[in-house]
Amino acid sequence: MWKRNTPNPVQQFKGHDLVVTALDINKDNTMLCSGSRDNTVKLWDVESGTSLTENNIHRNLVTDVKFIPESNLIVQTGEDKEVRLFDTRTLSVVHSFQRKQYIQTCCDVSPDGVYCLTCSNGFGGNGCEATLWDLRSRSIVHEYKGHTEAIDSCVFLPYHGTNLIATSSRDFSVKIWDRDSKACVCECVISGSGPLTSILCYGEPCILVSSFNLGIQHLRFSLQNQTLTKEGSF
């Protein structure tokens, strides 16, 4: 764990046996959740760096974890195609959603804690979809189809008065979707980027997406014009 403008790490969390593939921190910054290819999900005390509890599930190669706001739950995706809910108090599995056909590569949770978004591996347009889950009824709401290769990252966009989501894919494209109608609002294809691996939003118009070949791409979204344009790179 790092602090801005500080050259050395302020905390280390040691305990996984294989590569760490997922991290998330809770709202009040007291608890860290991590997932690994060692089949383990762990909870950590942020201040002390000590492991609070863990859950090891056979063949559960973790791809992503997210705390669910206003609850005692964590959502986790994995290479076993499962989407699971864990109770943060015990780290026991309290629900497993309907298994998808392809590996679930990533997840995000809406700010109100009502919806979860997960994304699928795939090839040549098979799989390659994002799935919206209702965390109350614990059922599928929508699937968003249009990418032609695996989706590696997704995010709920915090634009006031809108219900939008964004996905980035190994097909070199970022797509913005209307959450409720499933329509693709706009997209940006970044030629030469290679697979796009991670996406985040800061402020209302700005999106950052990381790539294999071209570093971090800075995109600007116009809701009025329904366009997503490349602004620069890092």
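Reply: Start with pairing. Two strands pair if DSSP finds at least two bridges between them. This is a predicted model. In it, Cys-154 has Thr-167 in strand 16 as its bridge partner.

Me: How many bridges join strand 15 to strand 16, and how do these strands run?

Reply: There are 6 bridges, and the two strands run antiparallel. Strand 16 covers residues 164–169.

Me: What is the strand order in the open sheet?

Reply: The order is 15-16-17-18. That makes an open sheet of 4 strands, with antiparallel pairing. Strand 15 (151–157) and strand 18 are the edge strands, and each pairs on one side only. Direction ignored, neighbouring strands of this sheet are turned by 15° against each other on average.

Me: Now the loops. Where is Lys-182?

Reply: Look between strand 17 (173–178) and strand 18 (184–189): Lys-182 is in that loop. Lys-182 is not a glycine, yet its phi is positive, about 75°.

Me: Which other residue has a positive phi although it is not a glycine?

Reply: Leu-91 is one, with a phi of about 60°. Leu-91 is found in the loop between strand 7 (83–87) and strand 8 (93–96).

Me: Is Leu-91 buried or exposed?

Reply: Use the cut-off: buried means under 20% relative accessible area. Leu-91 has 1%, so Leu-91 is buried.

Me: And why does Lys-182 count as partly exposed?

Reply: Partly exposed lies between the buried cut-off of 20% and the exposed cut-off of 50%. Lys-182 counts as partly exposed because its relative accessibility is 40%.

Notes:
Residues are numbered from 1 along each chain as its sequence is written. This is a predicted model: local features need pLDDT of at least 70, side-chain atom pairs count only at pLDDT 80 or more; totals for chains, interfaces and linings use all residues. Side-chain values use heavy atoms; hydrogens and water are left out. Buried means under 20% relative accessible area, exposed over 50%, partly exposed in between (1.4 Å probe, protein chains only). Axes are lines fitted to C-alpha atoms, for helices over the stretch in contact, and angles run from 0 to 180 degrees between N-to-C directions.
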